[in-house]
Amino acid sequence: MDRYLLFKECFQNVPICREAYEKICGECEIIEHEDKGYALIKGNELRLVCVSEKYRRQGIGSELVKKAEEHIRSNGYDKIYAGGFSSGLFIGVPTESIDAPCSFWEKRGYVRTGSCAEMKRSLSDFSSEKYDIPVPDGTSFGISPITPGLKAAVASVEEDWVQYFDDCEIFCGYVNGEIASFCILGDDETCLISDGKRTGSVGCVGTVPKFRHRGIGIRMVSLAMDMLKARGCESCFIHYTSVYNWYAKIGCEVFLWEAFFEKQL
């Protein structure tokens with residue numbers, strides 16, 4: 001079985017190339033059903049279930065999920081997640097829209113806990129100057145060192161994000177020298193949109209509450225994309241977001257919807 005080709009058959013809207021797919025999936029355990037389908041597992045995360053179109057509705061997906069549950073239970077876990085937040089592949093179950101029902105998983109006892117969008121933006125035609133984004137007087141932007149002040153700003157938005165702000169490049173918006181917004185820059189990512197060309201990313205994007213609704217955050221992201229383009233990135237990945245309409249203001253597009261599911265074993 002060529003698992004990559006089967007993946008591409010199942011998820012034609014995901015532009016990942018073979019090299020990136022193999023790198024992301026390299027540490028996963030594999031359960032196969034002849035040449036008809038397979039599942040990928042890591043820890044207690046069922047990261048992927050793929051069944052060829054011509055073999056669907058024959059119980060193969062159900063069998064793969066059942067075997068994955070048995071494997072995860074046998075390794076001492078009492079809960080299984082469909083997807084996985086530490087995954088470079090799917091962090092949930094691909095769906096048709098943000099709130100589309102997922103009867104396959106619900107019928108098997110899985111509980112839905114949330115949803116998100118995965119987005120991308122081509123940088124070949126991107127320029128922040130195309131977008132009229134006014135910001136307050138005294139606003140500036142630039143790379144930031146990792147300081148206690150930065151981490152305090154991050155914590156004011158999402159405390160769980162602070163752990164990611166250690167060994168990374170940070171781009172910020174400032175108002176009169178005070179951090180107003182921030183994001184993590186990646187300029188050589190291996191991700192769902194890695195298609196063999198250099199891919200950038202903008203992640204953990206946040207604006208300190210008192211500076212919100214002034215255009216600072218979206219202006220910061222547009223300037224970050226200018227920077228990624230200047231470094232040779234041909235596209236930008238926006239991972240795990242619920243504010244897809246906000247990113248759409250600068251031409252970002254949803255290419256994948258995902259729902260989060262878990263189940264007690």
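Reader: Which backbone nitrogen does a side-chain oxygen of aspartate 2 reach at the start of H1?
Author: That of tyrosine 4, to within 3.2 Å. The model is predicted: local features need pLDDT of at least 70, side-chain atom pairs count only at pLDDT 80 or more, and totals for chains, interfaces and linings use all residues. Residues are numbered from 1 along each chain as its sequence is written, and side-chain values use heavy atoms, with hydrogens and water left out.

Reader: Which residues of helix H1 are buried?
Author: In H1, residues 3-10, they are Tyr4, Leu6, Phe7 and Cys10. Buried means under 20% relative accessible area, exposed over 50%, partly exposed in between (1.4 Å probe, protein chains only). Helices (H or I, at least four residues) and strands (E, at least two) are DSSP runs, numbered from the N terminus.

Reader: What do the buried residues of H1 pack against?
Author: Helix H2 (18-25), strand E2 (37-42) and strand E3 (45-51). Contact here means heavy atoms within 4.5 Å.

Reader: Switching topic. How many salt bridges does the structure hold?
Author: The count is 18. The criterion is a side-chain nitrogen of Lys or Arg within 4 Å of a carboxyl oxygen of Asp or Glu.

Reader: Back to aspartate 2. Which residue does it form a salt bridge with?
Author: Arginine 18, with the closest N and O atoms 3.0 Å apart. Aspartate 2 sits in the segment before H1 and arginine 18 in helix H2, so the pair ties together parts 16 residues apart in sequence.

Reader: How accessible is aspartate 2? And arginine 18?
Author: Aspartate 2 is partly exposed, at 32% relative accessibility. Arginine 18 is partly exposed too, at 33%.

Reader: Now arginine 198. What is its salt bridge partner?
Author: Aspartate 187, with 3.7 Å between the closest N and O atoms. Both residues lie in the loop between strand E9 (178-186) and strand E10 (199-207), 11 residues apart. Arginine 198 has a relative accessible area of 35%, aspartate 187 one of 23%.

Reader: Which residues are linked with those two in a network of salt bridges?
Author: Glu169 and Arg231 join Asp187 and Arg198 in that network.

Reader: Last one. Where are glutamate 234 and lysine 197?
Author: Glutamate 234 is in the loop between helix H6 (216-230) and strand E11 (235-241), and lysine 197 is in the loop between E9 and E10, 37 residues apart. Their side chains meet in a salt bridge at 3.9 Å, N to O.

Notes: A polar contact is a pair of N or O atoms within 3.5 Å; within protein, one must be able to donate a hydrogen and the other to accept it, and residues adjacent in sequence count only if both atoms are side-chain atoms.
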